Amino acid sequence: MSDEHSYVDWFRHSSPYINAHRGKTLVILIPGEAFESPNFANIIHDLALLDSLGIRLVLIQGARPQISRALENRRLTSIIEDGYRVTPQDQLIDIIQASAAVRVQLEAQLSMGLSNTPMANAGLKVCSGNYVVARPLGVVDGIDYGHSGEVRRIDSDAIFRLLEDDNMVLLPHLGFSPTGEVFNLKAEDVATQAAIQLKADKLIIFTEDEGIFDDKDELYSELLANQADTILARHTLSFATHSALEACVMAVRGMVPRSHIISFNENGGLLSELFTREGSGTMIDEDSYEKLRGATIDDVGGMMQLLAPLEAKGILVRRSRELLENEVERFIVIERDGAIVACAALYPFEQERAGELACVAVSPEYRGSNRGERLLKGIEGEAKKLGLNTLFLLTTRTAHWFVERGFQETTLTTLPAKKQALYNYQRNSKIFSKQL
């Protein structure tokens, strides 16, 4: 496929994600390290693109390395305790100046409109102000944090008015008190509280790392908050990534639907994370009281109730209780409050390194969410564990759903020989496959 056709194909497949994000509110933390990345200009271009697509943006600006250098240049000692920089009175002005310089740099970049660049005719409007109300950290374990503070509240009403007027809102890591004091805040805290109090649809945090990796150095594309807690407890992450993951967990537990960690060094990482199914970083979800797990013999009754209506309509092939009991280890289920609300099965053909995705079903009262996606990801994960390279399926009624998730129509001859021999020509099912 030519580069032009690849682009057209990607653009077409991104349209559902573009429509899903239009009108949504995203809080995006840009740490000070990102401003010094060679990829920073591309991040600016991508922010302009998101704005043009009708996405409402609240940007949080950090400045840790810039502040550290400013203090070093004055030969001032900077102390960081429990992730917070101690801010004595004699260092406050240096911190304010370093932060202001970064903010001006960001506003200048967002103001560009040169011809023949992605910023041409962008016309971005960026607003910043005293929208973060703060209070002092005070003295903790004998340490006086001086002008270091924490977020007291976000002026959500003022920010909403700016967003509704097509403005991009910029919040620095500085907060203000009703008594007129300035406090140095953790940018992650500002981002988390902004996302929670604005009821944002997403919190996105740029870090140097691509996301969160497992013990085999493989990227987690998705984590539940309780899984993230386990990773945080190991204390194996860099300071910046640890802070980012903590913030993401706090946000989703504060009712922000999704949080994301992506690399500021990856060209197009932000767009890939938002507009492709695979993404580019790590997405953190809230803890679910629904469990995705392997099926057991005790689930067969619930599975039969779930499958019966679809079998009656001819959408699924009828399976007897005996067959389900014999094949139950092939199934995964989603359990909600003790009830089976979704299921799917994987039948491996190990010699051909292929697997059949079968019996995908979601209870009617629980459709319209992401349960089908969770089932598909669960099956894909199981297939990869078995070393399978291809996932295929036969369907008569739900082809579009699978096509939207990367499956392509194929022919009977591409299936394993054993599966070809069992093909039911009366059902005339269409065949789709996907490379893993």
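This is a predicted model: local features need pLDDT of at least 70, side-chain atom pairs count only at pLDDT 80 or more; totals for chains, interfaces and linings use all residues.

User: What makes up the secondary structure of the protein chain?

Analyst: The count is 14 helices and 23 strands. The C-alpha trace spans about 80 × 55 × 40 Å along its principal axes.

User: How many contacts join residues at least 24 apart?

Analyst: The share is 70%, taken among contacts between residues at least 6 apart in sequence. A contact here means heavy atoms within 4.5 Å.

User: Why is helix 2 said to reach close to its expected span?

Analyst: Helix 2 covers residues 40-52, which is 13 residues.

User: Why are some residues of helix 2 called buried?

Analyst: Buried means under 20% relative accessible area. Phe 40, Ile 43, Ile 44, His 45, Asp 46, Leu 47, Ala 48 and Leu 50 are the buried residues of helix 2, so each falls under that cut-off. Across the protein chain, buried residues make up 47% of the 436 residues.

User: What do the buried residues of helix 2 pack against?

Analyst: Their partners include strand 1 (25-30), strand 2 (56-61), helix 4 (89-110) and helix 9 (269-275). Strand 10 (168-172) and strand 13 (202-207) are also among them.

User: What follows helix 2?

Analyst: Gly 54 does, and its phi is positive, near 85°.

How values were computed. Residues are numbered from 1 along each chain as its sequence is written. Side-chain values use heavy atoms; hydrogens and water are left out. Helices (H or I, at least four residues) and strands (E, at least two) are DSSP runs, numbered from the N terminus. Buried means under 20% relative accessible area, exposed over 50%, partly exposed in between (1.4 Å probe, protein chains only). The expected span of a helix is 1.5 Å times one less than its number of residues.
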